[in-house]
Amino acid sequence: MEIGMTKAGDKIIVALDVATKGQALALVEQLHDKISFFKIGLQLYTAQGPEIVRAVLATGVKIFLDLKLHDIPNTVARAVESASSLGLQMLTIHLSGGSEMIRAATGVRTNNMSILGVTVLTNANDQTLRETGISDTFDKQVVRLAKLGIENGIDGMVASPHEIKSLRAEFGDKIKIVVPGIRPSWSEPGDQKRFMTPREAIEAGADYLVIGRPITAHKNPREAVERILREFQ
Ligand code: C5P
């Protein structure tokens with residue numbers, strides 16, 4: 001595969017799923033010469049607030065803030081403005097919020113911040129859809145929401161590794177596809193069920209891979225990153 005060490009490192013987003021600023025900054029410190037993108041999700045953001053975003057950005061890396069916004073359009077728009085003003089690079093919204101909410105978000109983003117849409121969470125199954133009143137299959141619902149997002153200006157999508165091919169077939173290269181559910185061959189699957197290896201996901205067409213525990217719960221996170229980068233070669 002034509003993907004060098006540096007290039008591969010630029011495609012990995014490490015999920016900082018930890019509770020404290022100290023733990024988060026220690027991981028960034030250990031990895032920032034190999035990894036230039038980190039994800040801050042609900043756990044860390046709820047504990048530490050925008051200060052953690054500023055502190056991580058100050059180290060010179062990029063941030064994907066995974067807040068999965070879903071609220072009335074006005075509230076979402078104001079939250080997107082606040083996120084844009086922090087100077088981060090990617091933010092998530094739930095596409096099930098509908099066209100008006102999506103446009104409210106995409107209409108106010110600034111500072112080159114990308115808005116990524118979440119379609120159906122990967123832990124959901126057909127029964128989850130039935131329970132919430134959706135009679136379509138999982139795959140149809142993913143494509144329906146993806147279309148809605150693209151028609152209303154999103155820059156990309158968070159998708160399971162198994163959705164990459166159909167999203168690429170439908171939308172080509174005009175969207176960024178960011179993919180969690182990644183497990184290197186040597187790591188424990190944990191609660192991820194339909195995972196792919198880093199190499200498989202890149203070959204399937206992912207732009208970025210979100211990797212958490214295989215790196216962050218490894219006894220030596222740098223070694224885990226080096227091993228993943230070697231798998232690309
Ligand atoms: O530790 P692990 O590699 O499973 O972490 C994956 C990260 O991606 C977590 O932060 C998780 O919240 C996120 N994620 C996911 N599946 C989705 C969306 C986000 O695992 N469908």
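Reader: How many bridges join strand β3 to β4?

Author: In this predicted model, strand β3 covers residues 62-69 and runs parallel to β4. The number of bridges that join β3 to β4 is three.

Reader: Which helix makes a right-handed β-α-β unit with β3 and β4?

Author: The two strands of this unit, β3 and β4, run parallel. The unit also holds a helix, formed by residues 73-86, and is right-handed. That helix is α5.

Reader: Which residue in β5 does L91 stand opposite?

Author: Strand β5 spans residues 114-118 and runs parallel to β4, with five bridges joining the two. These strands also belong to a right-handed β-α-β unit, together with helix α6 of residues 99-106. Within β5, the residue opposite L91 is I115.

Reader: Are the residues of β4 mostly covered or exposed?

Author: In a regular strand the side chains alternate between the two faces of the sheet. In β4, M90, T92 and H94 point one way while L91 and I93 point the other way, and all are buried. Five of the five residues in 90-94 are therefore buried by the cut-off of under 20% relative accessible area. The strand is mostly covered.

Reader: What covers the buried residues of α6?

Author: The buried residues of α6 are M101, I102, A104, A105 and T106. The elements that cover them include α8, formed by residues 138-151. Also included in this cover are β3, α5, β4 and β5.

Reader: How many aromatic pairs does the count come to, and which residues form a pair?

Author: The count comes to one aromatic pair.

Reader: Is M196 buried or exposed?

Author: M196 lies in the loop between β7 (176-179) and α10 (198-204). Leaving aside neighbours within four places in sequence, M196 is in contact with P161, H162, G181, I182, R183 and A201. Its relative accessible area is 14%, and because the cut-off is under 20%, M196 counts as buried.

Reader: How far apart in space are M196 and I154?

Author: In sequence, M196 and I154 are 42 residues apart. Taken C-alpha to C-alpha, their separation in space is 25 Å.

Reader: What is the radius of gyration of the chain?

Author: There are twelve helices and eight strands in the chain. For 233 residues the globule rule gives 17 Å, and the value for the chain is close to this, so the chain is as compact as a globular protein of that length. The C-alpha atoms fill a box of roughly 45 × 35 × 30 Å along the principal axes. The radius of gyration is 17 Å.

Reader: What percentage of the 233 residues in the chain is made up of buried residues?

Author: The accessible surface of the chain comes to about 10900 Å², and 49% of this belongs to carbon and sulfur atoms. Among contacts with a separation of 6 or more, 68% are between residues 24 or more positions apart. As for the residues themselves, the buried ones make up 50%.

Notes: Residues numbered from 1 in each chain as written. Predicted model: local features only at pLDDT ≥ 70, side-chain atom pairs only at ≥ 80, totals over all residues. Heavy atoms only, no water. Buried < 20%, exposed > 50% of the residue type's maximum accessible area, 1.4 Å probe, protein only. Helix = DSSP H or I, 4+ residues; strand = E, 2+ residues; numbered from the N terminus. Pairing = 2+ DSSP bridges. Right-handed = clockwise from strand over helix to strand, strands pointing away. Rg over C-alpha atoms; globule rule 2.2 N^0.38 Å. Contact = heavy atoms within 4.5 Å. Areas by Shrake-Rupley, 256 points an atom, 1.4 Å probe, with all protein chains shown as cover. Phe/Tyr/Trp six-rings, centres within 6.5 Å; stacked < 30°, edge-to-face > 60°.
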